[in-house]
Structure formats: structure tokens, C-alpha cells
Amino acid sequence: MKIKWLTIVAVLGVCIVAGFYLYSSENSIRPGKYVVFNPPLDDVQKAVVQQQMDQQLAKKKGGTKVSSTQLVYDNGAVVVTFPPPGVVSEILTTCDFGYFCVWEHNDFVGLKVALAVVPSGVINLPVYMTRQ
């Protein structure tokens, strides 16, 4: 009878440890996980945002367009989100977990640049923040 209980306790202990290990590895900070912001846009909004994205890509090469409003650099180390005119969204005013965010204007308004907490190398913010 003691061996049966000992076996049950041992199996439960192993299951708890394995579950904790799997749970903790899924929630560890991994740079590059960001929310893709792709709202429905009309033709005017698309044109405005696309012009801003083209200016950014001309100024800083190497960006990848991941949505109608976002460019990503260095595999997610830097995410630039362009606010479409007339669109209000919580994504524009919040910062993803594992990122440090800066906005173009006060009160979380304007262009948003999200930097991974552990970026690869030095990041020159004016390259991403100044508009022409």
C-alpha cells in the first residue's frame, strides 16, 4: 500500500514540475513578438499612410512592411507604426510587452516607435522619428 501511494505522489510531482517548466518557457520574454495593426482603411487613408511609409523606407533602408500601417526592422527589434488619419485604436496608445515605446507627440499621439527591450546594437531614434 505504501509503494502505491509513493508512486502516485512521485508521478504527480513529476507532472507538476513538467507543467511548470512548459508554462514558464512559453511566457518568457522573446523580442520580436509585437501586435500587428492592420485596420480597414479607405483609399485616402491608405495613400496618406503609404506616403509616410515610403518616406521612412527612403530614409532608413531595410524595413519590412508587415501591415498597412507598420514597418519592422531587424526581425522585430524596431516596429514603426504609422497612425492612419481618423482611426482611433488602443493599439496606437499602448506598448507591447517586451518593448519600450516612444510617440511623436505628447499623450500617445502620432507615429509610434517600439524598441525591443534587448535591441541588437545601438538604435538612433531620430532615424525613425523625424518626418519630412
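In what sense, parallel or antiparallel, do strand 3 and strand 5 pair, and over how many bridges? The two strands pair in the antiparallel sense, over four bridges. Here, strands (E, at least two residues) and helices (H or I, at least four residues) are DSSP runs numbered from the N terminus, and two strands are said to pair if DSSP finds at least two bridges between them. The structure is a predicted model, in which local features need pLDDT of at least 70 and side-chain atom pairs count only at pLDDT 80 or more, while totals for chains, interfaces and linings use all residues. Residues are numbered from 1 along each chain as its sequence is written, and side-chain values use heavy atoms, with hydrogens and water left out.

The strand pairing can be followed from strand 1. Strand 1 (residues 64–65) runs antiparallel to strand 2, to which two bridges join it. In this pair, T64 stands opposite V72 of strand 2. Four residues lie between strand 1 and strand 2, which form a hairpin. Strand 2 also pairs with strand 3 in the antiparallel sense, here over four bridges, and Q70 stands opposite T81 in strand 3. Strand 2 and strand 3 likewise form a hairpin with four residues between them. The bridge partner of F100 in strand 5 is L115. A hairpin with three residues between the strands is formed by strand 4 and strand 5.

Burial was assigned from relative accessible area (buried under 20%, exposed over 50%, partly exposed in between; 1.4 Å probe, protein chains only). In a regular strand the side chains alternate between the two faces of the sheet. In strand 2 (residues 70–73) both faces are covered: Q70 and V72 on one side, and L71 and Y73 on the other, are all buried. Strand 5 is largely enclosed by the rest of the structure, because seven of its eight residues are buried.

Y73, which lies in strand 2, is buried, with a relative accessible area of 2%. With contact taken as heavy atoms within 4.5 Å, and leaving aside neighbours within four places in sequence, Y73 is in contact with Q56, L57, K60, K61, G62, G63, V78, V80 and Y128. The C-alpha atoms of Y73 and K61 are 8.9 Å apart in space, the two residues being 12 apart in sequence.

Backbone torsions in two of the loops were also examined. Most residues other than glycine have a negative phi, and most peptide bonds are trans. D74, in the loop between strand 2 and strand 3, has a positive phi of about 50° although it is not a glycine. D74 is exposed, with a relative accessible area of 51%. D107 lies in the loop between strand 4 and strand 5, and its phi is also positive, near 60°, in a residue other than glycine. The relative accessible area of D107 is 68%, so this residue is exposed.

A search of the whole structure, with a disulfide defined as a pair of cysteine sulfur atoms within 2.5 Å, finds one disulfide. This bond is formed by C95 and C101, whose sulfur atoms are 2.0 Å apart. The torsion about the S-S bond is about 80°, so the disulfide is right-handed. C95 is partly exposed, with a relative accessible area of 33%, whereas C101 is buried, at 10%.

Grid points are joined across faces, edges and corners, and a volume is the space filled by probe spheres set on the points. By this rule there are two cavities of 30 Å³ or more. The second largest cavity holds about 40 Å³ of space and is lined by Y34, V35, Q70, V79, T81, I91, D96, K112 and A114. Strand 3 (78–81) and strand 5 (109–116) are the elements that give two or more residues to this lining. By class, the lining has five nonpolar, two polar and two charged residues, where Ala, Val, Leu, Ile, Met, Phe, Trp, Tyr, Cys and Pro count as nonpolar, Asp, Glu, Lys and Arg as charged, and the others, Gly among them, as polar.

Methods: On a 1 Å grid over the protein atoms alone, a cavity is a set of points where a 1.4 Å probe fits but cannot get out, and a pocket is an open set with protein on both sides within 12 Å along at least five of seven lines; lining residues have an atom within 4 Å of a point.
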